[in-house]
Amino acid sequence: MGWKPLEAPRMKFEAGEIVITPAASAALEACGRCLEDLLLRHRGGDWGDVNEQARTVNERGLVERFNLQSSYALPNGQHLVVVTNGGRTLTMVHLDARAE
């Protein structure tokens, strides 16, 4: 699926505190991408490159307050994972574990 242009989606949930690992921050910077764009996609319900089962869990999680997970491919082939906890108090951004 790759990176999509920013389109100001309606926010479906609060992200809480944002924590990004140094490796994820460096990957975004190296690709000229901005964390805010990634978070707008995540909070707008664009789950990126997750499978259909994860999409279904995320959609249910919006209502039942499960953790929400997105994955986004960067132009260099790395993937960033974004996870917001069920309480919507914390969002973590990190490189896919296979890349770190």
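Trainee: What joins β3 to β4?

Mentor: Five bridges join them, and the two strands run antiparallel. Two strands pair if DSSP finds at least two bridges between them, so five bridges make β3 and β4 a pair. The names come from DSSP runs numbered from the N terminus: a helix is a run of H or I with at least four residues, a strand a run of E with at least two. This is a predicted model, in which local features need pLDDT of at least 70 and side-chain atom pairs count only at pLDDT 80 or more, while totals for chains, interfaces and linings use all residues. Residues are numbered from 1 along each chain as its sequence is written, and side-chain values use heavy atoms, without hydrogens and water.

Trainee: How many bridges join β2 to β3?

Mentor: Six, and these strands also run antiparallel. T84 in turn has T91 in β4 as a bridge partner. Elsewhere, L80 stands opposite L95 in β4.

Trainee: What is the order of the strands in the open sheet?

Mentor: The order is β1-β4-β3-β2, with mixed pairing.

Trainee: Why do β1 and β2 stand at the edges?

Mentor: β1 (17-20) and β2 (68-73) each have a single partner strand, so one side of each lacks a neighbour in the sheet. On average, neighbouring strands are turned by 15 degrees against each other, direction ignored.

Trainee: Which strands does α1 touch?

Mentor: α1 packs on the sheet and touches β1, β3 and β4. Its direction makes about 65 degrees with that of β4. Axes are lines fitted to C-alpha atoms, for helices over the stretch in contact, and angles run from 0 to 180 degrees between N-to-C directions.

Trainee: Why does H42 count as buried?

Mentor: Buried means under 20% relative accessible area, exposed means over 50%, and partly exposed lies in between (1.4 Å probe, protein chains only). H42, in helix α2, has 0% relative accessibility, so it counts as buried. In α2, L35, L38, L39, R41 and R43 are buried as well. Their cover includes β1, α1, β2, β3 and β4.

Trainee: With which side chain does the side chain of H42 make a polar contact?

Mentor: With that of T84, at 2.8 Å. A polar contact is a pair of N or O atoms within 3.5 Å; within protein, one must be able to donate a hydrogen and the other to accept it, and residues adjacent in sequence count only if both atoms are side-chain atoms. The 2.8 Å pair is within that limit, so the term applies. Plain contact is heavy atoms within 4.5 Å. Leaving aside neighbours within four places in sequence, the contacts of H42 include F13, W47, Y72, V82 and T91.

Trainee: Which residues of the largest nonpolar core touch the most other members?

Mentor: Of its 13 residues, these are L35, L38, L74, L80, V82 and V93. The elements giving two or more residues are α1 (22-30), α2 (35-43), β3 (79-84) and β4 (90-95). A nonpolar core is a set of buried Ala, Val, Leu, Ile, Met, Phe, Trp, Tyr and Cys residues joined through side-chain atoms within 4.5 Å. In soluble globular proteins, nonpolar side chains tend to be buried together.

Trainee: Why does R88 count as buried?

Mentor: R88 has 8% relative accessibility, which is under the cut-off, so it is buried. R88 belongs to the hairpin of β3 and β4, with five residues between the strands, and its phi is positive, near 60 degrees.

Trainee: What pLDDT does the chain average?

Mentor: The average is 90, and 88% of the residues score at least 70. pLDDT is the predictor's confidence in each residue, from 0 to 100. Among the elements, α2 has the lowest mean (95) and β1 the highest (98). Where pLDDT is low, the predicted coordinates should not be read in detail.
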